[in-house]
Amino acid sequence: MSTLTGVITKFYEEYNVNTPKKLKIIDAYLTYIFFTGVVQFVYCCLVGTFPFNAFLSGFISSVASFVLAVCLRLQVNPANKSQFAGISPERAFADFIFAHVILHLIVMNFIG
């Protein structure tokens with residue numbers, strides 16, 4: 001058990017030292033979106049899916065927002081600069097916002 005605690009402590013220290021603030025903000029957003037999807041799924045399992053379109057569009061919105069944020073994190077990460085040479089962080093953020101607008105227009109249309 002002490003090795004697990006040591007691994008978690010080491011991970012936390014390395015994360016705090018080596019991760020830029022922009023990536024920490026994106027990670028906080030990813031955590032929020034993940035738990036939003038989990039809460040929606042648990043609610044669906046416990047209460048039911050009477051307005052099924054509402055549950056489905058909310059859950060799909062959570063999953064798609066998570067995927068878009070992971071893509072943003074990959075493009076903004078300085079360690080991946082060579083893979084995304086032609087994309088600036090501002091361009092990646094603009095693409096993220098544009099994709100979110102399109103996603104939420106589709107989600108609102110799906111709700112009915």
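We'll visit a pocket, then a core, then some cysteines. Keep in mind that this is a predicted model.

**Stop one: the pocket**

Select Lys-22, Ile-25, Ile-26, Tyr-29, Leu-72, Val-76, Pro-89, Glu-90, Phe-93 and Phe-96, and you've got the lining of the largest pocket. The space inside comes to about 210 Å³. Now colour the helices: H2 (21–47), H3 (52–76) and H4 (89–111) each give at least two residues to that lining. What kinds of residue are they? The lining splits into 8 nonpolar and 2 charged, with no polar ones.

**Stop two: the core**

Next, pick Leu-23, Ile-26, Leu-30, Ala-69, Leu-72, Val-76, Ala-92 and Phe-96, the 8 residues of the largest nonpolar core. Helices H2, H3 and H4 turn up again here, with at least two residues from each.

Zoom in on Leu-72, which belongs to the core and also lines the pocket. Which residues does Leu-72 touch, apart from neighbours within four places in sequence? Look for contacts with Ile-26, Ala-92, Phe-93 and Phe-96.

**Stop three: the cysteines**

Finally, show the cysteine sulfurs. How many disulfides are there? The count is 0. Take Cys-44: its nearest cysteine sulfur belongs to Cys-45, 5.4 Å away, whereas a disulfide needs the two sulfurs within 2.5 Å. So Cys-44 is in no disulfide.

While you're here, is Cys-44 buried or exposed? Cys-44 is buried, at 13% relative accessible area, because that value falls under the 20% cut-off. Hop over to Cys-71 and you'll find a partly exposed residue, with 37% relative accessibility.

Definitions and conventions
Residues numbered from 1 in each chain as written. Predicted model: local features only at pLDDT ≥ 70, side-chain atom pairs only at ≥ 80, totals over all residues. Heavy atoms only, no water. Buried < 20%, exposed > 50% of the residue type's maximum accessible area, 1.4 Å probe, protein only. 1 Å grid on protein atoms, 1.4 Å probe; cavity = no way out; pocket = protein on both sides within 12 Å on 5 of 7 lines; lining within 4 Å. Points joined across faces, edges and corners; volume = space filled by probe spheres on them. Helix = DSSP H or I, 4+ residues; strand = E, 2+ residues; numbered from the N terminus. Nonpolar A, V, L, I, M, F, W, Y, C, P; charged D, E, K, R; others polar. Core = buried A, V, L, I, M, F, W, Y, C linked by side-chain atoms within 4.5 Å. Contact = heavy atoms within 4.5 Å.
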